[in-house]
Amino acid sequence: MNFSAYVEGIGVLGPGLEGWPEAAAILTDCRAYRSAATVLEAPALLPAAERRRTGRVVKLAIGIGLEATRQAGMNPADLPSVFSSSGADGHNCHEICLALAAASREISPTRFANSVHNAAAGYWSIATGSMCASNVLCAFDASFGAGLLEAVAHVCVEREPVLLAAYDSEYPQPLHAKRPIPEAFGIALVLASEQRSSSIARIAISMTESASDTLVEPQLEALRLSIPAARGLPLLRQLALREHGRTTLDYLDDTRLAIEVSPCR
Amino acid sequence: MKPLHLKTFTATSCIGRGLVQTLGSLSGQRSGLRPCEFETARLDTYVGEVAEVDSQAIPAPLRRYDCRNNRLAELALNEDGFLEAVNAVAGRWGARRIGVILGTSTAGILQTEQAYRRRDALSGALPAEFDYGATQNSFSVADYVRRRLMLEGPAVVISSACASSAKVFASARRFLESGLIDAAVVGGVDSLCLTTLYGFDSLQLTSKAPCRPFDVARDGISIGEAAAFALLEREPKSLDADDVLLLGVGESNDAYHMSAPHPEGLGARMAMRAALASANLDADAIDYINLHGTATPSNDRSESHAVTAVFGPMTPCSSTKGATGHTLGAAGALEAVICALALQNRLMPGGVQTSQVDPLLTAHYLKENRRYPLARVLSNSFGFGGTNCSLIFGRAE
């Protein structure tokens, strides 16, 4: 089986990267990169009670997911999904650990429900009404690659489109010192098995031991190295160039992903 | 889907270390639930604790992975010839062609909970020896198992709460069918920690007594811990009659609530129907259902609705959580192994701790063990966030 898929839509949110059009311009050197705090919006699709409970990581995942599905012209309710993240809600985790270290050990039920790694996927399904399968992954620094493999395997085997959302957010201190993810950053891709008139590119993936691609812009390269989801940036750059090429992404310590990118238009 | 072969499997929980002890407890209808004396927890509840975890050592080269969750994984990996079976398969396919796909909900968070109690008085910093990546991070268990088994293929953790290690079978199936790998080590490992003990207590979802699935007086879960593994390959040309196959998988989302199930079990129905469709089977082909059966009033009501809607009121079913406790992210894999044991030993395990089945629950709940030549069984796993997964296993015959 050919381990490949068509890219139908792209979503990006990160420091100084507000959406795919802006990110594409920056990655192809058409616009200078200026780092700024990641802009996260409360998801309007969620009922008010749920909206109040969402942390940064949930806003991030829903934001990128909606941008990618909108661009693909697909209804998110019809799409199975793959969510991949190195950590869940770091602030929520910190608050629970603080409470458990205190004498009373009282933790909030909402905080506990939000502590699951699949919180973003749960809120996504409530927001969009999607009852399709969702898979929620973690592979530490390899989380982008792991999400991409799972999403492409899904497309190849189930022959249906799938949403991939790879995202990470920061921990506050003292955990931040142990896991110094600086900011919220996420990439979403809608992938499909069949080419359509609106398809952006075909991607074909294989395992490799060769070195991964780096980014020339020093601040973007720092972003790539410090946030697991940003390890996907070289793929976005290749997609933004709209030319045939090969890019290599970080995956596990001893394995990387070689991706052949062929533009469709 | 194309059936997959469970070449080897093993499970360790409070009802036993390895298959022989686990089967012995199921046959004798013994529960491993005891009053909670875990760590510094002061809670009026029962837990399914695995006694040998504290004394289990981590091999020296992997010392940085030392935490309760990885000790539990190590304990289980040493049973039932699992290490040797993986070695043999790696010899045949090559280490790069074997994936590691494991489920956990809390990984080594206990390490972080303890580290927070030892923060520096002045700076608030965590102790120098605390290793986030090798213990707290959800991936730590797959990273540990991959290194321990000296495998070099794709590795990932699935963490979708209490459905995590059922969904590993679905992912492994996609990886195998797409040709990305030739064999997969799948499983689930979840260990006791304060986050889940105090967290479920805050939601008033834990029982003060050993949990009583489907009982008229059921009032919550008992938390357990477990590690269960299976080695999956594509179906070989020849099989023994007692070999076990994964025949179907079904996944869905409730899209309803973060911590409560859909009242009519709509998502659960979709997952069970999808599993039947992927196995190309009708509902009457299923001989026994291992329920999610957590013993909270709403979970069991919702699941009973869903099971009856798909299978009618006659298909025998039970929850083994009265014996093992709810092992959360390990429950799917533990109950997959219990299903495999049920098939091989012609045993429908009756649900222990339940004395009077709730008359409002219409599913056909078994309290006593029943001997029956099972051909196909279904296992349900549902989790927070509304995530659902159903698996169908069968004897090769």
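Predicted model: local features only at pLDDT ≥ 70, side-chain atom pairs only at ≥ 80, totals over all residues.

I began with B:Gly99 and found its bridge partner in strand S7 of chain B (residues 183-190), B:Ala184. Residues are numbered from 1 along each chain as its sequence is written, with chains lettered from A and ligands numbered from 1 in the order in which they are written.

Next I checked the strand pairing (DSSP must find at least two bridges between two strands; strands are DSSP E runs of at least two residues, helices H or I runs of at least four, numbered from the N terminus). S5(B) pairs with S7(B) in the parallel sense over six bridges. S5(B) also pairs in parallel with S6(B), residues 155-158, over four bridges, and there B:Gly103 stands opposite B:Ile158.

Buried means 20 or more other C-beta atoms within 10 Å of a residue's own, with C-beta atoms placed from the backbone; exposed means 12 or fewer, and partly exposed is in between. I saw B:Ile98, B:Val100 and B:Leu102 on one side, and B:Gly99, B:Ile101 and B:Gly103 on the other.

Then I followed S6(B) across to chain A. Two bridges join S6(B) to S4(A), and these strands run antiparallel. A:Cys138 has B:Val157 as its bridge partner.
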